[in-house]
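My notes follow in the order I looked things up.

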Amino acid sequence: MSEVFAITGTIAAIATAVVPQQGSVGIVRVSGSQAMALAQTLFHAPGRQVWESHQILYGYIRHPQTQQLVDEALLLIMKAPRSYTREDVVEFHCHGGIMAVQQVLQLCLENGARLAQPGEFTLRAFLNGRLDLTQAEGIADLVGAKSPQAAQTALAGLQGKLAHPIRQLRANCLDILAEIEARIDFEEDLPPLDDKVIISEIEKIAAEITRLLATKDKGELLRTGLKVAIVGRPNVGKSSLLNAWSQSDRAIVTDLPGTTRDVVESQLVVGGIPVQVLDTAGIRETTDQVEKIGVERSRRAANAADLVLLTIDASAGWTEGDREIYEQVKHRPLILVINKIDLLEEDESKYLQSKIQNPKSKIVTAAAQNQGIDALETAILEIVRAGKLQAADMDLAINQRQAAALTQSKISLEQVQATIAQQLPLDFWTIDLRGAIQALGEITGEEVTESVLDKIFSKFCIGK
């Protein structure tokens, strides 16, 4: 274990967001063998309040030397092993803002605690056996969840819904390994192995691994969301579309072309999927230097987006300018938004839609009238499902690290099958089988390296 992640000393950190003039409560969390002693040094609980585990005391935090009052606060006591870290933990619940929590943290550091490293509280929970690695990653995902569905999937991981099938797969591999090694050590006393039975068991394990791997893209979709860029010529209603979709006035809307000079962003949730919507400047040739920068940013946003909404003005039809923009973005997943459809008669609308052959995915909107947004969201979800990235009704979803370990375990199992097919000695069977067991163990932390821990917990905030 690296020095950074060794369980040494008593640690302290601010466990809540510090925002000037906002937040009613700020929490300073302390964990370690000296947590109780530190609390008794700093906290004065008037009356006959009992200092017992899982009690909340009311009182004052004072400087131990000067007795200067620092804050009126609550003290939460959680003695080992009934705490988040399975160590003695105390929490000072101070007034919110900046000064109170900062002063209390400084007092903790001056009186024997050290500042916690990012994720060190959760790391201690893992090292002390309270959590496995999948649960620790579930906590990080829950903190960073951008939608209710993402939060539910993170909670599933925290509750062990991923750890359980991984442990079962690893146990099955260990059973096979035990059978093989028993034949190696006691060949004369046991009947020979049935190759077909071993291959069948390995195929079952590989099939379950394949099923788990299929959730990777879904998990990434829930964690990072979709980046959607609204592009088109000036004054086709891109900003109106953003405002109608987000139900806000994020973008300025006027009849003047070129009003939007920069990329305007809004965060939405569609079908449980976080969506980052980018309203871009109208794409056209211009001599205005500021507008030219906005146009270039629009092109970059379109190329970086997961999905492009090419918006056109229904009253103007499919123009040469629309075609030129389409040629620039047609390599991206694309939906054509025929906006301002309220300016056309029904037969004119049908004729326009039939005339435009590309792109194939088309919807009509009247953004200024808040019409067509449901159809837009439906079209987006259809594209997501077509890519087999549907996020609904998922019990679990693996991340990139877990997917890499599962992939390695599957490759190892395939190599075991090849070794058996080549009729190589039993000793050779065990080599790749052990590789599969190790890869599966890396997911839950039963087999873990210092570099893996560094990578996982460095992404946490300091107070977690």
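**Cysteines**

I started at Cys94 and looked for a partner: the closest cysteine sulfur belongs to Cys108 and sits 8.4 Å away, too far for a bond. The cut-off for a disulfide is sulfur atoms within 2.5 Å, so the 8.4 Å between Cys94 and Cys108 rules that pair out. I note that this is a predicted model. I then searched the whole structure and got 0 disulfides.

Next I asked: are Cys94 and Cys108 buried or exposed? Cys94 is buried at 3% relative accessibility. Cys108 is buried too, at 0%.

**Ala113**

I placed Ala113 in the loop between α2 (99-110) and β7 (114-115). Its relative accessible area is 8%, so I logged Ala113 as buried. Ala113 and Gly9 are 104 residues apart in sequence, yet their C-alpha atoms are 7.0 Å apart.

**Gln402**

Last, I went to helix α14 (residues 400-421), where Gln402 lies. Gln402 is buried, with 2% relative accessibility. Which side chain does Gln402 join in a polar contact? I found Glu137, at 2.7 Å. Setting aside neighbours within four places in sequence, I listed the contacts of Gln402 as Thr134, Glu137, Leu162, Ala397 and Ile443.

Methods: Residues are numbered from 1 along each chain as its sequence is written. This is a predicted model: local features need pLDDT of at least 70, side-chain atom pairs count only at pLDDT 80 or more; totals for chains, interfaces and linings use all residues. Side-chain values use heavy atoms; hydrogens and water are left out. Helices (H or I, at least four residues) and strands (E, at least two) are DSSP runs, numbered from the N terminus. Buried means under 20% relative accessible area, exposed over 50%, partly exposed in between (1.4 Å probe, protein chains only). A polar contact is a pair of N or O atoms within 3.5 Å; within protein, one must be able to donate a hydrogen and the other to accept it, and residues adjacent in sequence count only if both atoms are side-chain atoms. Contact means heavy atoms within 4.5 Å.
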